[in-house]
Amino acid sequence: MTITIYHNPACGTSRNTLAIIRQSGEEPEVIEYLKNPPSREKLVGLIAAMGMTPRALLREKGTPYAELGLGDPEWSDDEILDFMLAHPILINRPIVVSPLGVVLARPSERVLDILPNPDIGPFTKEDGEVVVDAGGKRVV
């Protein structure tokens, strides 16, 4: 079963998501999307599979979002896609694709909803937040 994560190793949420996937027993295909951005066709497909709009996938923090004026509603979906392709850092992450669906794993525990084996045992994020307790119960 193939799982793919569009990953940024500098992002804590992305690292936590990757760790959850691995703890589930899967070794995903890891695509460092800043080095290997998706094609326009692939990005459009991912956005559609997540049931969101390009604007909803835009990342603001640590990106040229403000300097490009992307908060202005004048930009069309096609134009937003153009910006994302020109500046991949604008694509929010991590995006995870599994046979059970596609999610923007923010927060990272959202990935549990599409893992073939979501019973991962205890899991604590890098920052100390408990996601799954010692009894195997998801902490909400």
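**Close-up A. Arg-138 sits in the segment after strand E6 (130–132).** The model shown here and in the other views is predicted. Arg-138 has a relative accessible area of 38%, so the residue counts as partly exposed. Leaving aside residues up to four places away in sequence, Arg-138 touches Glu-109, Leu-112, Asp-113, Val-131 and Val-132. Two of these contacts are shown in detail. The Arg-138 side chain reaches the backbone oxygen of Glu-109 at 3.4 Å. A polar contact of 3.1 Å links the side chains of Arg-138 and Asp-113. Gly-71 lies elsewhere: Arg-138 and Gly-71 are 35 Å apart, C-alpha to C-alpha, and 67 residues apart in sequence.

**Close-up B. Helix H1 spans residues 12–23.** Its 12 residues reach 16 Å from first C-alpha to last, close to the 16 Å expected at 1.5 Å a residue. The buried residues of H1 are Ser-14, Asn-16, Thr-17, Leu-18, Ile-20 and Ile-21. An α-helix has 3.6 residues a turn, so residues three or four places apart point the same way. The cover over the buried residues of H1 includes strands E1 (4–7), E2 (29–32), E3 (95–98) and E5 (123–124). Just after H1, Gly-25 adopts a positive phi of about 100 degrees.

**Close-up C. The largest nonpolar core has 20 residues.** Leu-57, Met-84 and Ile-95 touch the most other members. Helix H2 (40–50), helix H4 (77–86) and strand E4 (101–104) each give two or more residues to this core. Met-84 touches Leu-43, Pro-54, Leu-57, Leu-58, Leu-90 and Ile-91, with residues up to four places away in sequence not counted. Apart from this core lies another, of 16 residues, including Leu-18, Val-96, Ala-105 and Val-111. In soluble globular proteins, nonpolar side chains tend to be buried together.

**Close-up D. Trp-75 and Phe-83 form an edge-to-face pair.** The count of aromatic pairs comes to 1. The ring centres of Trp-75 and Phe-83 are 4.9 Å apart, and their planes stand at 85 degrees, so the pair is edge-to-face. Trp-75 counts as partly exposed because its relative accessibility is 21%. Phe-83 counts as buried because its relative accessibility is 17%. The cut-off for buried is under 20%.

**Close-up E. Ser-39 lies in the loop between E2 and H2.** At 41% relative accessibility, Ser-39 counts as partly exposed. Ser-39 and Leu-85 are 46 residues apart in sequence, yet 7.7 Å apart in space, C-alpha to C-alpha.

Methods:
Residues numbered from 1 in each chain as written. Predicted model: local features only at pLDDT ≥ 70, side-chain atom pairs only at ≥ 80, totals over all residues. Heavy atoms only, no water. Helix = DSSP H or I, 4+ residues; strand = E, 2+ residues; numbered from the N terminus. Expected span 1.5 Å × (residues − 1). Buried < 20%, exposed > 50% of the residue type's maximum accessible area, 1.4 Å probe, protein only. Contact = heavy atoms within 4.5 Å. Phe/Tyr/Trp six-rings, centres within 6.5 Å; stacked < 30°, edge-to-face > 60°. Core = buried A, V, L, I, M, F, W, Y, C linked by side-chain atoms within 4.5 Å. Polar contact = N/O pair within 3.5 Å; in protein donor to acceptor, adjacent residues only side chain to side chain.
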